[in-house]
Amino acid sequence: MNSILGNWAEKFRPHPDGTQLPPHHGHCLGCGPDNPHGHHLVVQRRGEEVHAVHRFSERHMGAPGIAHGGAVATVLDDLFGFLLYLTGTPAVTRQLEVRYDAPVILGTSYELAARVVRDDGRKLFVEAEMSEVGGTTVATASALFLKVDIAHFDRGAPPAPVDLD
Ligand SMILES: CCCCCCCCCCCCCC(=O)SCCNC(=O)CCNC(=O)[C@H](O)C(C)(C)COP(=O)(O)OP(=O)(O)OC[C@H]1O[C@@H](n2cnc3c(N)ncnc32)[C@H](O)[C@@H]1OP(=O)(O)O
């Protein structure tokens with residue numbers, strides 16, 4: 001098994017309401033603390049939802065001062081990945097749709113929330129939104145995740161100790 005996912009059983013243990021959820025792994029683009037290009041997303045369980053407060057930095061710029069749409073999609077997709085700690089099964093994104101309602105401004109804090117709307121066999125239908133703190137929604141997303149066996153991840157090579165710059 002890919003060593004980066006070797007502790008998945010530990011990570012999928014039940015997580016009490018209100019606790020911070022573990023990153024998918026150290027190098028994950030969305031949440032890995034060891035990825036210098038990543039978003040370092042920090043996510044909590046709140047009931048049957050996952051929540052985060054996030055600020056995009058200059059590393060994720062599209063138009064000047066505004067987050068790149070792909071960066072916004074990355075964070076929303078990764079947030080969906082935290083719902084797997086609640087459902088208890090590995091799964092991967094099969095389809096992702098993002099609606100960009102307003103520019104996401106670099107250096108501004110946004111609140112994110114995601115939930116499972118339907119769990120149907122292998123299919124997990126999920127939705128999320130990103131909003132100004134206490135205010136207007138700037139992006140919404142919906143996705144289909146498909147549950148996979150952990151062996152799915154064996155196809156990925158473990159990260160080599162290369163210079164990521
Ligand atoms: C320690 C931590 C552990 C970490 C683990 C988690 C890490 C998470 C990290 C999170 C990071 C963030 C997340 C990431 O970045 S995840 C990374 C990005 N995603 C991927 O790399 C996935 C690549 N795709 C695949 O590997 C395959 O396509 C998979 C395995 C997903 C499915 O290939 P497979 O051949 O097995 O399945 P299928 O295609 O026949 O479809 C199966 C069923 O689904 C239905 N269907 C298909 N499309 C749609 C659609 N659009 N609307 C409605 N239904 C649809 C289809 O009709 C069929 O239905 P039925 O006929 O059975 O009824």
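How many residues lie between β4 and β5 in their hairpin, and which turn residue has a positive phi?

**View 1. The hairpin of β4 and β5.** The two strands have 2 residues between them, and Gly 121 in the turn has a positive phi of about 65 degrees. This is a predicted model: local features need pLDDT of at least 70, side-chain atom pairs count only at pLDDT 80 or more, and totals for chains, interfaces and linings use all residues. Residues are numbered from 1 along each chain as its sequence is written. Helices (H or I, at least four residues) and strands (E, at least two) are DSSP runs, numbered from the N terminus. Strands pair if DSSP finds at least two bridges between them. β4 and β5 run antiparallel and are joined by 10 bridges.

**View 2. β2 and its partners.** β2 pairs with β4 in the antiparallel sense, over 7 bridges. Here Val 50 stands opposite Ala 114 in β4. β2 also pairs with β1, again antiparallel, over 4 bridges. Arg 46 stands opposite Glu 49 in β2. The hairpin of β1 and β2 has 2 residues between the strands, and Gly 47 takes a positive phi near 60 degrees.

**View 3. The two faces of β1.** Strand β1 covers residues 43-46. Val 43 and Arg 45 form its covered face, while Gln 44 and Arg 46 form the uncovered one. A residue is buried if 20 or more other C-beta atoms lie within 10 Å of its own, exposed if 12 or fewer, and partly exposed in between, with C-beta atoms placed from the backbone. Val 43 counts as buried because it has 24 C-beta neighbours inside 10 Å. Two residues are in contact if their C-beta atoms, placed from the backbone, lie within 7 Å. Leaving aside neighbours within four places in sequence, Val 43 has contacts including Leu 21, Cys 31, Leu 79 and Phe 82. The C-alpha atoms of Val 43 and Pro 23 are separated by 8.3 Å, although these residues are 20 apart along the chain.

**View 4. His 40 in its loop.** His 40 is found between α1 and β1. Its phi is positive, about 55 degrees, although it is not a glycine. Most residues other than glycine have a negative phi. His 40 counts as partly exposed because it has 17 C-beta neighbours inside 10 Å.

View 5. Leaving aside neighbours within four places in sequence, Leu 76 is in contact with Val 98, Ala 128, Met 130, Ala 139 and Ala 141.

**View 6. The shell around the ligand.** The ligand has 19 residues around it, and Trp 8, Gly 81, Val 92, Gln 95 and Leu 146 come nearest. A residue is near a molecule if its C-beta atom, placed from the backbone, lies within 6 Å of it. β3 supplies the largest share of the shell, 4 residues. α1, α2, β3 and β6 each supply at least two.
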